[in-house]
Amino acid sequence: MLRRHGIYPNLVLQVSVEGEIIVRSVPLVLFWAVISAVLISCQGSRGKEEIMRHEAGPSPAISPAFSRERETVAASLPLRVGAWTRSDKARIITSQNIFDYMDGAGELYIGYRFRLLDVYEYSSADQDDILVEIYWMDTSDDAFGLLSNDWGGDAIALGASESEENKNPIAPHHRALYGAGLLRIWSDNLYARVMAYRASETSRGAVLDIGRAIVAGRKDPSEPALLRVLPPGSHPSFRLRPDRLCYFRSHLVLNSIYFLSTGNILNLGPNAEAVTAPYEIPAGSGKRASFRSLLIHYSGESEAREALRHFLGTYVPEKAPGTPGTNLGTDEVLKIEDGWMGYQLKGAYLCLVFECPSAEVARSFINQALKGVSKAEAVHG
Amino acid sequence: MDEKHTTITRRDFVRGSVAAALGVSVPAKAWEQSTGRSSTVLLVRNEKALGAGNEVNVQVLRQMLGQTVLHVMGTKSEKEAWRSLANPEEIVGLVPTSHLNPTHRELIEAVRSALIEAGIPQNHIRMATGAEDDAKACSALIALPALKAHWLTGIGTVLKNYILFSGQPSRYHDANNSKLGEIWNMPHVKGKTRLVLVDALRPLCDKGPQPDPRYMWNYSGLIAGRDPVAVETVSLKIITEKRRALRGEPWPLSPPPLCVLAADQKYGLGTSNLSEIRIDRLGWSQDSLV
């Protein structure tokens, strides 16, 4: 039966998992190289802009280990589940054609170091389709980040119980979340969306069965180490909102969680990692108050320092270094329109805090977070 | 230009200086001269528009569409209403959302059928969704976007619907999405839009454009008008109120939909001020959110 709405009509590739991707991806790269050269030479800036969009990432290197990993997951997907039958081949979406597949949404996955997407559909004679999207990311942290965009839904235990090292996480203790027909999964370097076009008890069972098959036998690495830097509470009685915590690398993702600026004023990108979360005084404990934390780990100290310089020049231009009469350092707390903001640079880490009710709250959080940084650096040498 | 003068920050919102940051410099706008800064938007809803499986009840939808054009055009018959939108000599482009939570095809077909019944030759009606040439080939456009939040632009409905007409969609991504209104003023687009008709049958209030059924609901409505910014503003209000209802507290769109304010104050396409918009309502009123 056809799905109710043609949500993803524009697909480009359809190849089997077993090796064909290598054969197909080489000419695709060559194709884009030729098209890029022609467009740049013929269309000037217009061509460059279009090409930049499509060159969001290089065609992924398909290592034998990665191919085997994909094959294992593909082989574990049931051919039939309930009334549904799986398409026998995956549609392969790469960073080159992800915008054809999901114009306006591809940036999300590219922002998390996307490698490849395998798409399957389960169809049925009398039920709407079930769409299976398996996003392969560079690391487990990237796949975690995608799940952390939204902690809503019912937690689902799909696999084995957690290992000891995964106990007491900072983020919610969930690997899979289900709601209204959509199952989202973080499983090592894989993020999956399994979506029934029409939610029902029957389709829920099928969706969860597919989810169990995807994660079967896979590792469950810990949440990103950066999260450990976040204190669970802060002076005087603020508590971290783990259900609003988000791990990311792209300023576009930051803006979708907490809008800071239309530009990338913190120099975020694939070589940086960041976590943001609100802290709140829980309801019922007096005056309600909150602030926003943002912790960024850059690839090096010079990158962190340059990012701070960029941030100050744009966000606090009246007090940026070089402005007559002012010279903000690498560790400041200052009052702006929406409360107290603060920041401190420590090595490759930049800790920021916004909308604090007092300077003391801002200072206290930064001090606590940076103690966490010191611990993290000690652990990692 | 120095980045601090072109980049809009959170502080601009708090200070109320977004308009200045957007570089507003248009002193007089054509639409203001003709309307005196007021617009009317029609909201038509019918709780039977969608069935238990979210399938469209075509008969009910056609009734809603008829009510819509009669009210917006102020004519005595539907045929007259459609004929006042376009004449048989014109090439009419239908501009639906074609991808990711697309416009319901039943709505597109209902509009097409109504135009044909009104005497517009079938070969004068075309889908105008692909590129700038589609707009160039049409003398009249009917915008048929689907209502959805968008993780890059806040809202991705009316103004974003013409992005492919620019020929350079990437120019309007990321920090540049506030410029979406610019496309409506391009020579091959300007003045051609006769009706903006938003498919609000089953909107998406978060995580768009990728579908997430947790944030989709049966609103069972059409939102229509001739001022694209006013229609977008009412659509935005519905999305915003739905988000508030879901969380039980304010849940503002992030990033903020800068394109709507800019379409008003920079590009002069219409009003984004709710106090300047008269909302007429027909049909089902429960949980209208606006």
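**Chains A and B of a predicted model**

The secondary structure of chain B comprises eleven helices and nine strands (DSSP runs numbered from the N terminus: H or I of at least four residues for helices, E of at least two for strands). This is a predicted model, in which local features need pLDDT of at least 70 and side-chain atom pairs count only at pLDDT 80 or more, while totals for chains, interfaces and linings use all residues. Residues are numbered from 1 along each chain as its sequence is written, and chains are lettered from A and ligands numbered from 1 in the order in which they are written.

Reader: What radius of gyration does chain B have, against that of a compact globule with 290 residues?

Author: The radius is taken over C-alpha atoms, and the globule rule is 2.2 Å times the number of residues to the power 0.38. For 290 residues the rule gives a value near 19 Å. Chain B agrees with it, at 18 Å.

Reader: Which element gives the largest share of the side of domain 1 of chain A that touches domain 2 of chain A?

Author: The domain assignment, automatic or from a database, gives domain 1 (56-215) and domain 2 (225-380) in chain A. Their contact (C-beta atoms, placed from the backbone, within 7 Å) takes 14 residues from domain 1 of chain A and 15 residues from domain 2 of chain A. On the domain 1 side, helix H4 (106-110) and helix H5 (140-148) of chain A are the elements that give two or more residues. The largest share, four residues, comes from H5(A).

Reader: Why does A:Ile98 count as buried?

Author: A:Ile98 lies in helix H3 (residues 98-101) of chain A, and touches A:Ile93, A:Gly106, A:Tyr109, A:Ile110 and A:Leu117, leaving aside residues up to four places away in sequence. By C-beta atoms placed from the backbone, a residue is buried with 20 or more others within 10 Å, exposed with 12 or fewer, and partly exposed in between. A:Ile98 is buried because the number of other C-beta atoms within 10 Å is 24.

Reader: How far apart are the end C-alpha atoms of helix H8 of chain A?

Author: Helix H8 (residues 301-315) of chain A has 15 residues, and its buried residues include A:Phe311 and A:Tyr315. The expected span is 1.5 Å times one less than the number of residues, so the helix should span 21 Å. The end C-alpha atoms agree, being apart by 21 Å.

Conventions: Contact = placed C-beta atoms within 7 Å.
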